[in-house]
Amino acid sequence: MGRRVNVAGVGMIKFAKPGASEEYDVMAAKAGQAALQDAGVRYDEIEQAFVGYVYGDSTCGQRAVYGLGMTGIPVINVNNNCSTGSTALFLARQAIEGGLAECVLALGFEKMEKGALGSKFDDRANPIEKHADVMSRTQGFAKGPLTAQMFGGAGREYRWKYGTKRETFAKIAEKARKHASKNPYALFSQPLTVEEILASEEVFDPLTRYQCCPPTCGAAAAVLCSDEFARKHGINRPVYIAAQTMATDLPSSFGDSMIKMIGYDMSAKAARGLYERAGVGPEDVDVVELHDCFTANELLTYEAIGLCKEGEAEKFIWDGDNTFGGKFVTNPSGGLLSKGHPLGATGLAQCTELVWQLRGQAEQRQVEDARVALQHNLGLGGACVMTLYRRD
């Protein structure tokens, strides 16, 4: 077991629609400066920077941190699909825990294009070709965004297995909008009813437009440090990372199940390892930020990470156990569905929200007496990063 890793500071900017954002390096510098100011740390005290983004040329990370300062430190660019931001956090945590650095910056940003995600290279093997093969065998290809077909197909498989109502998936989106209405950083904060969500354009059954996260631009950051650094800088009772895990695809990911293909088993593996390392169970968690790229994935993730038992997600949702007054408050920020999903920034935006929650700084969306926070960030291709935060 290595050294304890503290989250000394966090910061993010309000997310924006494609075409309405500032340039990526400007967004990133603003988020990084917010995290440094929050920590009370100067940029020249940062020893390493791990910078995540998915769409962009090589060394965009360097261009992004040059807006904070040019101190010659190592800058490592990170690309791990939708789990990029939390992968940067994972690497930064390892540097502190392993004694390689005392203070490190994790930064994530994305400047996205309008419309569905697509590949930029058509002259080489596609990294999700094996995932597409599973879809081809189990349900075939249809019109519409590929990721919506994948996650929607997983939701459809779940419906066939358990008889789940379409309204149940829409109920998740209704919750996301309700939570986002209290978050000034959220992109979509207008509440929606289940009826309005179901009436929106169908993308791929059971998903309608309001059940799919939007392409988003934005940036977020975290400053991590050791206990010794925190003491020297007067950082009192910081939030710390009690455990962190990453899992990638397993042989079961490429069988005959859409649910497993989109990452159920690697989420379950990451969750098991996390609880074991932290010495806690899901019942000890107060607040959760999980990867709700589509409502179907949020429903499946409840079961994969142990918030409820397999086959019980529908009851969990209709009982209100996923929101304020229930067993767990999931995505108080509004999640990817409503806060937005700038791929490289998402994991660090989740981190920011959970740190605010544990400090009691989440204002109208504050989870009462939150002491243990859980983060789940998933990327097809695949990687699932999970982090457990505490404040004693």
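A: Happy to! One term before we start: a residue is called buried when its relative accessible area is under 20% and exposed when over 50%, with partly exposed in between. Also, this is a predicted model.

Q: Thanks! Then is Glu353 buried or exposed?
A: Glu353 is buried, because its relative accessible area is 2%, under the 20% cut-off.

Q: Which residue does Glu353 pair with in a salt bridge?
A: Its partner is Arg365, with N and O 3.0 Å apart. The two link distant parts of the chain: Glu353 belongs to helix H14 (residues 343–359), while Arg365 sits in the loop between H14 and strand S11 (372–379), 12 residues apart. Arg365 is buried as well, at 3%.

Q: Switching topic: where do Glu174 and Lys171 lie?
A: Both are in helix H6 (residues 166–180), 3 residues apart, which is about one turn of the helix. Glu174 is partly exposed at 24%, and Lys171 is partly exposed at 26%.

Q: And what does Lys30 form with Glu22?
A: A salt bridge, whose closest N and O atoms are 2.9 Å apart. Lys30 is partly exposed, with 43% relative accessible area, and Glu22 is partly exposed at 36%.

Q: Last one: how many salt bridges does a search of the whole structure find?
A: The search finds 20.

Methods. Residues numbered from 1 in each chain as written. Predicted model: local features only at pLDDT ≥ 70, side-chain atom pairs only at ≥ 80, totals over all residues. Heavy atoms only, no water. Salt bridge = Lys/Arg side-chain N within 4 Å of Asp/Glu carboxyl O. Buried < 20%, exposed > 50% of the residue type's maximum accessible area, 1.4 Å probe, protein only. Helix = DSSP H or I, 4+ residues; strand = E, 2+ residues; numbered from the N terminus.
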